[in-house]
Structure formats: structure tokens, C-alpha cells
Amino acid sequence: MPENGDQMTENGVVLQGDGLTKQFRSGDLVVDALRGVDITIKRGEIVAIIGPSGSGKSTLMGILGGLDSLTEGRLEVGGVDVTSMGENQLAEIRNAYIGFVFQQFNLMPTLTAVENVALPIQFASTRKFNPRERATELLTTFGLQDRLKNRPSQLSGGEQQRVAIARALANDPPLLLCDEPTGALDTENGNLVLDTLFQAQAKLGTAVIIVTHDPRVAERANRTLVMTDGRFGPAG
Amino acid sequence: MERLTFYFRNAALSLLRARRRAVFAVFTVVVGVAAIVGLQLTADVLESSLTSNVRTLLRGDLAVSKEGGETSSGFTSEELAAIQALEDEGVIDGFTVRGTPGSDFADFAKFKLTVVGRTDSDAVTAFYAPTFLEYDVFPYYGEVSSGGQGLWDLIKDEFDVVVTSNLANRHNIDVDDQLKLSGVDELFTVRGILSSAALGRAADPLQGNVVFRQDTIDRLFPDLKDPVSDIYILAPDADGEQLARIDERLEAISPLIESTTPAELEVSNQDAADDLRTIILIFGLVALAIGGIGIANTMQVLVSRRLPEAGVLKAIGLKGRQVMAVFLAEALIIGVVGSAIGVVAGLGVSFGTLRVMEGIANQNLGWSVGAGPIFTGLIVGVLVTLAFGLLPTAGAGRVRPMAAIRPNDSDLVKGSWLTSTLLLLALAAVMGVMVGVLLGTLQWGLIGTLGAFVGVGLLLLILIGIVYLLSRLPTFRWLTLQLSFLEWRRRKARAASLLLAMSIGVLGIGLILMLADTVLSGLTNSVEDVVGGDVVLAVNDPAEKEQAYATIREADGVTLFSPGAIYDTRLTAINGDPGELESRINSAEADRGGLDAEELQRVEDFFSVVNTRTVDAALPRLVFPSDGGRMLDETDVGRNTVVLQALSEQPATKWLALQVGERISLQAVDRDDRGVGDPVEFEVIGISSESAIGVTVFGTIMTANDPFEEQGIPPAANVAIVAVDDAKRADLVRDLNLQFDSVLVLEVAAFVDLFAELLDQIRIVPLTLSGLVLLAAVVIVANAVALSTLERRKEIGLLKAVGAKARWITVQLVFENTLLGFVGGLIGLALAFGVLVATSILMGFDVVASPTIIAAVLALAIVLSATVTLFSAVPAARERPLDILRGE
Ligand SMILES: Nc1ncnc2c1ncn2[C@@H]1O[C@H](COP(=O)(O)OP(=O)(O)OP(=O)(O)O)[C@@H](O)[C@H]1O
Ligand SMILES: [Mg+2]
């Protein structure tokens, strides 16, 4: 298992997926959600994924982030094959190497902004930061220094999503997975969130995969992948 | 440390967020722990009061009583003389007695009590236990006192009495009131009100006591029939061995004499306490198990609602067991809080239970709190909560991380039969060990618990079958019903568990209510059948007879007046031959070589009273077997024929092999059992079969002739049965009682009321406990409904999106679950009925299914289910469709 972010990006490849296939089966019904996706993500790169609803974008994000298992194919995160890893190892990979940003923010409702951000650090197997200091620092950079002690219910959607981004970045992971991060926000807040995201990305050099329906996001990406029917089609 | 803080802070705050659910969960733990702690404390107090100070319990160094048949008889003068001889011999230092008029109806009538100066219907009673105690001697051990004053400080004068509080309350008797006994000119003065517990063994919990000075009673009523019912022996210097020898000598006086030494009492009380403890503990454990199921299913709700949250935790890198710990911390908090409150509630339960028991058992029990039960309660409460919380929280640990992205999927938890089964086994093992430790036998604890798990599992399977069958019933194209049945079929297991909870909840309450009702109505029916009127009366002074009878005949509302008399008698011969009687006694129970002393006593009792009757509607409605002959009728007037009323399954008539058509000779006796006049030969024309609850007022032998009067022998009492219109009855009874000093007039219903009162007292404790269990069951139902609405959020959202109104959805949900609650109630009642029938077969009485009780219990089940469903369904139906469909 890789020991830290720097080592794993030796050859500049953060994530490599070959022939990623996912089938859902319920009774006789088989849904081919992913039909052999190949994907390589390099360090610091911003990749946008667009595509019609139901084309498999979220499924792919789940697979890439080690949230779901593959039906077929092979996945390496930071040069390590995670395809057949056990639950607990996967949890450690998620904690150290991958940050998630969801459409619905998904903050812990009982915890304050700082505590939410500190949580992944508290559960890290090897700790790189002091949880509180790191959380405060990240939130301050995101302009939330006045909101540190607020609970999610006391924050606006945009603010919640920025806290969520800070949480995703807490352990300084090499890869950030965002599934429609602005999907639940109005344009103004959406833009603010995107600004925060790209700003942090520039500063930390994190690779970002971002699923979006928003063409403006695609503009700011290094590349844009179009997903249709469980496959990547031609760009554009 | 940081993680630990996170677990508990998060848990506490999450519980606060889900406040109502958390209160439910805590409540179910409270019920279980309160039952365990309360019942154990009660058992401890009972045990110590039963086994310490046994001399105080005995009221002497030995206590002697006499075993009787149906009609218990007191000590005879010969027996008393034999005990006096022991004192003269120096074997014992002394003895004192408790006297009562016994069960002799004529004696009973003599103690008609009137509160002087009052004219209300409560002013007169005979339903109390006149208790005669030796002045300044009773009791040898322990003290009888009221308000700091001892019994003989209160009773000084010859005509002083004290009254127990149950009697005083029923008849509004106060200190300084004056009481009049029939035929006694002097008035008695009430000097104190005793708690009935203060009298201990001498107390009558059903009727209450009036304590008289024995010397006064001896002087006023020299003719009472064997009035000594208990004897207390003084032998303070005797050691255990000597006491055992005294015990032997006392019991050698007569086989019917039963003497108890402190050692014997200690052993039998210890046995009783042990049995009681086991029963109590099993009850507590059942309550705890129901509490545990409540926890499991509340945790299930708490966890199910937050599975997406669990998925997020996994997404940010928490491992399965860490996610599980997040939720287990909540169970732990619920367990600790619930157990703490449960312990406090348990203290209350034990206090209340003991007060009720004091009333029933006539003993001051006190109240003490040991650390043991409290400690056990805390540990057991927390353990059970954790154990039952394990299954649902393990589910949170197994949540698919994808739940973070797709929170609305139906299979958020990775199913694992293996894990679930293993967890269940582990749960059963933990519970088994715990139960084993509590019961003191590990083996049986484990077997019993495993058995209970399997039993519940089987029951669930059966209920699933029932749910399936019910859902196939015709729906008459009624949409609401169709949808309900569809839903039942879809979630059979949940519907079945709801049925289980509701039926068990209803079972306890239903059973207790139905049992009490059955016993009471059985008694009422037997009394009505046997008495044949609603008022009975006895005349002590023949001088008042004619005038009293005339008054009754002329009174408004009297529909029947049936006079008669009772004579004290004894059986002298069968078919005219004393030898025949002798040989029948000797050949009865031949394998044992004749009747034993107790059986002989019962034979004697059976023939000890003859009741002369008028042939009319007041004759009892007895049941006669095919060879049992018939009731008295017109043809018997003036003839020496008798009907014998069997009271038990083993009546004297069977021992004597008496047949219809045979003749028995009965001789009148005086109060000392000496024969007066000549024996009279009667032909037996009817022998009734035993009735379930044997009741007789005027003895077991009836005739329509009065041959004793012809011999000039006065009756023990003149008696009569009267039927009066309901509206006039109370007034007539009161007026007669007040007008005629020697006439005792009793409403038959008053006796049944007395019994009903006692029954009410006895059932308070089980009723309260089963009420709590029902509430816990309702919590389980509420949780089941919450779970099903949770699972159907999407469906509900869709329904609303296509235009269904919130009200329609609420109605659908309420209907569905209330119907289930109703069916659960039915099943519970059916189970209760089954238990009742089984009991009735064992104990031999007719089961009564009171429509009122059935309707009330069903209504309760319906109202409770509807309420808790509303509770869960209204918020679900109100949710905005958008929120649901987006997976908020
Ligand atoms: N757990 C599952 N079981 C069955 N089918 C599933 C499951 N998860 C996804 N699918 C199916 O896989 C396909 C891809 O779904 P996915 O959520 O990845 O699409 P998407 O591109 O993210 O769509 P959207 O833009 O609406 O979010 C869909 O047809 C979906 O119904
Ligand atoms: Mg999606």
C-alpha cells in the first residue's frame, strides 16, 4: 500500500481504470451501468464528466472512489491495485487518497463546521495534520472563518458545500471526486463553490474529477469526457 | 480519545435530534429495568419479612390451627382441655387463642353489627370477622398497635373494640363510634382503627375485623359453636428440639391439629419466597425481553433513517466497525439513561407492590432498598440494550458506501444471513447467560432463552402465515382495503411482528380482566342459583319473628318470601342401621383402610346442618346427574325427604356411597354436639352433582318438612329468602335491619361485591405491569409503522407527485396499521381465552367471555394502533414530494 501522496504520484498517474464494467442485477433484470470504461487521471488534472441522466456517471464515481465493487475490470489508485481489496483496506484508501463532494453536501448534522472537516483526520490511520488546526485553516481559506462553530442547519447551501469541500480535502488527498457539486445550488452559490474548488485545486495540486451538467464547469476543466450509455464517447 | 468524544457527542446530539424516538427507546428500557428492579426488591423484602422474626409471624413459640373440610371447624372443648393439660403438666408455659364465630350461619347472624345513630344502608353489616382475643395477653410476640398505642392500651374497658381499616372504610366507622351487636344491650365503643396488616395471621383481608375482648364475648355468647380457631403457645425457654417435641405432642391430640414451629415456618416461608422469587423473576425477564425487542426495533428505526449518513461516514474513510460504534454509542446512552430511570421507577414499583401486598397478605412488610437489585438492574439494562442494539447497529456497519451517493436505494445494507444469524445466536447466548445468572442456573437460563427465541421465531412464522391468509380475503373492490392487503403481503415479516407485539400486549391485560370476570361471574351465578333470591335473613330472637315476617310480606316490591329454619344435626344411621354407617365409613377409600380424620371431619360437617324449606321459587337450581334424583317439590311437603347438595368433587355422599332412595337418620344436637330428641329418618330423593364454585348458605341438606319442630326442638336460627325488586331492595334491607335488632338481613350481592373488591385489589399489580407491557408493545407498533413509512417514502412521494392528498395517504396508513392492530388484538384475546379455557379445565369452572371486556380490549387495541400510526404517518404524509424524491 502506498504510504503517502507524493510517492504514489511518482509517475504522475493518480488513478488508472481499465475496462471498468458494472452490472446491476435485480431478478431477471440486468442493467449495464458501465460497459468497459478506461480512464487515467494524472496529478493535478481537472477532468469534467458530462452526459445524460442515467448514463452511468454516478456509478463511475462510486467505482473510482472505492464505494462500490466492480463487475469486471481493474482499478489502480496511486499505483496500487484496489480491485480486490477488502472493506477495511478500501476504507483506509478512501480516507487517505480520495475526497468526496456530493450533490447533497452530506455533512454530519450533529457536528459543527470545524468538527465536520476534522472528522476524516480523526479517523486517519496515519495522521498528517492536527485535526482542529487543519480544519480551521482550510475553512479560513474558504472564507468561512466566521462559521467555524456553526452546525450544517445554520449554514446556507453554498456554505455547506464549501465545508464539504474542506472536509474532502482534509487529509490532503491526491484525488477529489465531485458528483454534481453545484446541482443543489443556485447559480450564484454554485459559482462561489466552484471558485472555492478550483482555487483549492490550484493551491494543493489535487486532481479533480467533476461530474456536471454545467457547461461552464467543463470550460474550466483540462479535459471533458462525455458519458453515454455506460461508455465514454467522443469529446464535445 | 478524540474519537470517543466524537462517538458520544454525536450519539447524544443525534438522540436529541430524534427526540421522540429516543424517548420511546428509553421508555422500553425503563419498563424492563423497572420490572426487574421492582420485582426483585419486592422479592427481597418479602423474603426477609417471611423468614426473619418468625415468632412475630407465629405470634407465639408455636402456632396451632385446625384443618377443616369445606366448612372449617374450630377446636372442640376436648381438644382445648388437652392443651390445657399440657400447660398443667408444665410442658408449655401457657397459651392464648383467637376466637371467631366460625362458619356456622346461626352464629354468624348473631354478630350483626349496627353503627349507632346511623340510618344509611352502610350502618349495618355482618360481613366482618369478629375476632376475640385474650385481654392483655395476645400476642406473645410482636406488637399490635395503631398510632403508637398498643392493642390493650386502646381496648381497656369490657366494651371497647378496635376495627381494621378495610372494614372501617367500607362502613365509615370512626374512632369513638358506638357499635351495637344484635341481642346485646350494652354498646361497644370503637377505640382505634388498625391497619389490617397489624393483626397479621389473625386478619381477614376480605371482610375486615372487629377485635373484641374474649372474656366479654364468653360472657355474652356462651353458646357459640367451637369458637376457637387458632391457638398460640408460649414456651419461651424451649430450644429447637424441645419445640419439636411440643409440636409432636400437640399434633398427637388430633390428626386435624396442625402445629407450626418457628423452624417449620421458616422452611415453608423460605420455600414460598423462593417460588415467589422465581415467578417474579420470570415475569421481570419477560418484561425485559419485550423492552429488548422495543430497543432492537427502535434502534432499527434510528439506524434506517440514517443509513445515508452511515454511507457518508464510510465514504470519508470510517471502517465498518467504526460506523457501528457510532450507532452503538446511541444504544449505550439509551441503555444507561433508561436503566437509571428504570431503577428509580423500579423503586416505585416495589414500594407500590408491597403496599398492595400488605393489604392482601395482612402483614407489615416495610420497604428496604438493597444495592444488589439496583446494581443488577443497571447492568442488565445496559447489557440488554447493547445486546439487542447489536443487530440493527451491525446493519449500519454493513451499509454500502454507495448509500452516500444513492440514498434512496432499497438495499442500502449489504445483506448477510450469516452475520445476522450469528448475531442472533450471540444475542441469545448473552441473554441466556444473563438469565442463567439471575435464575441461578446457567443451563436452564441458556436452554430457556434459546427456547424462547425459537418459540418467538416459530410464532412469527405462524403469524406470517396468518398475514398471508388474511391478505387473500375478499376486498370487495374497496381500494383502501386492497392497498392494505397488498402492503401486508409485501412486508409480511413486519406485519407479523406488529401482530406479535400487539397480541402479546393485549394478552396480559385481556387475560387478567377475563380471568377476574370469569371468577366473579362464576361466583355470582352459583350464588344466585343456590340462593334463589336476592336477600337472605336470619332471626336470632324468635320473639321478633312473626312481626318481622309480617313486615316483609306486606312490604312493597317483595316478589317472594320463603321462610325456613336451620337445625344443628348429626348423622346417626344409614337405612336405619348405625352399623351400616360405620361399615360405609370403614369401607370408603378401602385401599387406605377407611376415611382419615380430615375426611371424617368433612363427613361430619356435611351432615351438621339441616335446612327446612318452603317449596317455592327460592329452592336452589341444582344440577342432578342421571341417577341423582330430583329437587324437592310439592309432593315432599310434610314428608321426611331430603335433597343433598354436593359442594366438591369428593363429597361426603360419595365416600358413604349414598344412593337416591336410601334413608339417613339425622338427630338434632345442641351447641355442644350433644344429641337432643330422637333421630329422624329421611329418604334421600336427590343428590346434586358438584358445582364448580361450591356455595351454600344454609348447609347442604334440604327438606320440605320440619320434624324437629314437631319434637319441640328450637332451631339454631330461623332463616328466610326474599326476592325484592331492584329499586326497593336497598331500602327494605336497611329498614328491616334498623327496625329489628335480632334480624340480620343481607343482600346477596354484598357478598359478591366484597369478593369483587378483593379481586380488584389483587389484580392491581399484574394489571399495572401488563399495562406497561402493552405500552411497550405499542412503542414497538409505533416503530414498526415508522419503519414501514420510512421504507415507503418514495412511494408516498410518488403518490403525492401524481396528486394524492396528504389526508388520503394518512387515511391509508392509519387504516392499514389499525386493521393490523385490531387483528393483533383479536389474536391476543384468542390467546388469553385459550389460557383461560386451559385454566378453567384445570380448576373446573365455566369460562365467561364478557362482551364488554372483549369490546373494551379490542377498542383499546384499535385506539392505540390508530394513535401511534397517526403519530408516525402524519409527518410522513406531510413531507414535500420534492424532498423525498431528491432523497433529502
Ligand atoms: N443500485 C442500482 N441498482 C440498479 N440499477 C442501478 C443502480 N445504481 C444505478 N443503476 C442504474 O444504472 C444506470 C446509471 O445510473 P447513474 O446513477 O450512474 O446515472 P447518472 O449518469 O449518474 O445519472 P444522473 O445524471 O441522473 O445522476 C441507471 O440506469 C440506473 O438506473
Ligand atoms: Mg448521478
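**The shell around ligand 1**

Tutor: By class, the shell around ligand 1 has 4 nonpolar, 7 polar and 4 charged residues. Keep in mind that this is a predicted model. Of the 15 residues around ligand 1, Ser53(A), Gly54(A), Lys57(A), Ser58(A) and Thr59(A) come nearest. Residues from both chain A and chain B surround the ligand, so the site is shared between chains.

Look at the elements next. Strand S2 (29–42) and helix H2 (57–64) of chain A each supply at least two residues of the shell. H2(A) gives the largest share, 3 residues.

Now the polar atoms. The side chain of Lys57(A) places an N or O atom 2.7 Å from an oxygen atom of ligand 1. Gly54(A) has a backbone N or O atom 2.7 Å from an oxygen atom of the ligand. For Gly56(A), a polar backbone atom is 3.0 Å from a ligand oxygen atom. On its own, ligand 1 has 630 Å² of accessible area, and the protein covers 71% of that.

Turn to the two chains themselves. Their contact takes 29 residues from chain A and 27 residues from chain B. Together they bury about 2800 Å², with 59% of it on carbon and sulfur atoms. The interface holds 4 salt bridges. One of the salt bridges joins Lys319(B) to Glu92(A), with the closest N and O atoms 2.9 Å apart. On the side of chain B that touches chain A, helices H1 (2–17), H11 (307–315) and H12 (320–361) of chain B each give two or more residues. H1(B) gives the most, 9 residues.

Notes. Residues numbered from 1 in each chain as written. Chains lettered and ligands numbered in written order. Predicted model: local features only at pLDDT ≥ 70, side-chain atom pairs only at ≥ 80, totals over all residues. Heavy atoms only, no water. Contact = heavy atoms within 4.5 Å. Buried area = accessible area lost by both parts, 1.4 Å probe. Salt bridge = Lys/Arg side-chain N within 4 Å of Asp/Glu carboxyl O. Helix = DSSP H or I, 4+ residues; strand = E, 2+ residues; numbered from the N terminus. Near = heavy atom within 4 Å. Polar contact = N/O pair within 3.5 Å; in protein donor to acceptor, adjacent residues only side chain to side chain. Areas by Shrake-Rupley, 256 points an atom, 1.4 Å probe, with all protein chains shown as cover. Nonpolar A, V, L, I, M, F, W, Y, C, P; charged D, E, K, R; others polar.
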